[in-house]
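This briefing covers selected features of one structure. Please have the sequence and the coordinates open while reading.

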Amino acid sequence: MSELLKNPEAIQKATEELDRVMGRDRWVEEKDIVNLPYIEAIVKETMRLHHVAPLLVPLVARDDCRVAGYDILRNTRVVVNVWAIGRDPTKWEKPNEFRPHRFIGKNIDVKGHDFQLLPFGSGRRMCPGYGLGLKVVQSTLANLLHGFEWKLPGDMKTEDLDMDDRFGLTMPRKIPLLVVPSKPRLSLHLYSFE
Ligand code: HEM
């Protein structure tokens, strides 16, 4: 949501897609996500720039092995810096810019097959909850954008948003985002949850 507030064009593209695919008379369900490639692209782009676990989880080599020409001895502790991979200029054009469009028409997934984007890790120790995690993030974001117009509180400007992260095993925003749903976008009967 923070990156989107700083990129109103991306919000516009996402809401155009939502209006075209969903109309304004129902909320987004998990099954709709396959028809919302721009929403998927926003989630991938967010995971590229703001990895939930920037160094994955430390691993230990069980046996001597050779990976990409490097000899890794048994018991070596291996730390994979996916934060750096996500910002590697040899892998990504203008890596520090939030550009969901870079994923449109590309076959880059987040399920451990494409080593330039590994938000859930890869291989045997990859996140077993990736299916649930991905669905929850995609459908929640889609509904936030589908259901409301958003603005920053008071006179706050997007330039005032502090985009720093707090480093740890997981890396959330340093200062939580405060954002206001300013207008409903859907038919009003959809907002009563009795
Ligand atoms: C968007 C949401 C999530 C993200 C980005 C995420 C990310 C990750 C990452 C990066 C790892 C380390 C993988 C590696 O070292 O290669 C991991 C491990 C793990 N995740 Fe997730 N995860 C998410 C949601 C979930 C959910 C919903 C569950 C459970 C329902 C879950 C359960 C686990 C477990 C048990 C491990 C340890 C696996 C192992 O070490 O064998 N995660 N996750």
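The model is predicted. Helix α5 covers residues 130-147, and its buried residues pack against helices and strands including α2, α3 and β5. Helices α2 and α3 also meet each other, and Cys127 provides the only protein donor to the iron atom of the ligand.

**Helix α5**

- With 18 residues at 1.5 Å a residue, α5 should span 26 Å; its end C-alpha atoms lie 25 Å apart, so the two values agree.
- Buried positions in α5 are Leu134, Gln138, Ser139, Leu141, Ala142, Asn143, Leu145, His146 and Gly147.
- These buried residues pack against α1 (2-6), α2 (8-22), α3 (37-49), β5 (148-151) and β6 (180-184).

**Contact of α2 with α3**

- The α2 and α3 axes come within 8 Å and cross at roughly 145°.
- From α2, the residues Ala10, Lys13, Ala14, Glu17 and Leu18 meet Pro37, Tyr38, Ile39 and Ile42 of α3.
- Seven residues of this contact are nonpolar, two are charged and none is polar.

**Iron site**

- The SG atom of Cys127 is the only protein donor of the ligand's iron atom, at 2.3 Å.
- Cys127 sits in the loop between α4 (82-86) and α5.
- Cys127 has a relative accessible area of 30%; this lies between the 20% limit for buried and the 50% limit for exposed, so Cys127 counts as partly exposed.
- An unreviewed UniProt entry lists Cys127 under "binding site".

Note on methods
Residues numbered from 1 in each chain as written. Predicted model: local features only at pLDDT ≥ 70, side-chain atom pairs only at ≥ 80, totals over all residues. Heavy atoms only, no water. Helix = DSSP H or I, 4+ residues; strand = E, 2+ residues; numbered from the N terminus. Expected span 1.5 Å × (residues − 1). Buried < 20%, exposed > 50% of the residue type's maximum accessible area, 1.4 Å probe, protein only. Contact = heavy atoms within 4.5 Å. Axes fitted to C-alpha atoms, helices over the stretch in contact; angles between N-to-C directions. Nonpolar A, V, L, I, M, F, W, Y, C, P; charged D, E, K, R; others polar. Donors = N, O, S within 2.8 Å, 3.2 Å for Na, K, Ca; no water. UniProt positions renumbered as here; feature names shortened; annotations may be inferred.
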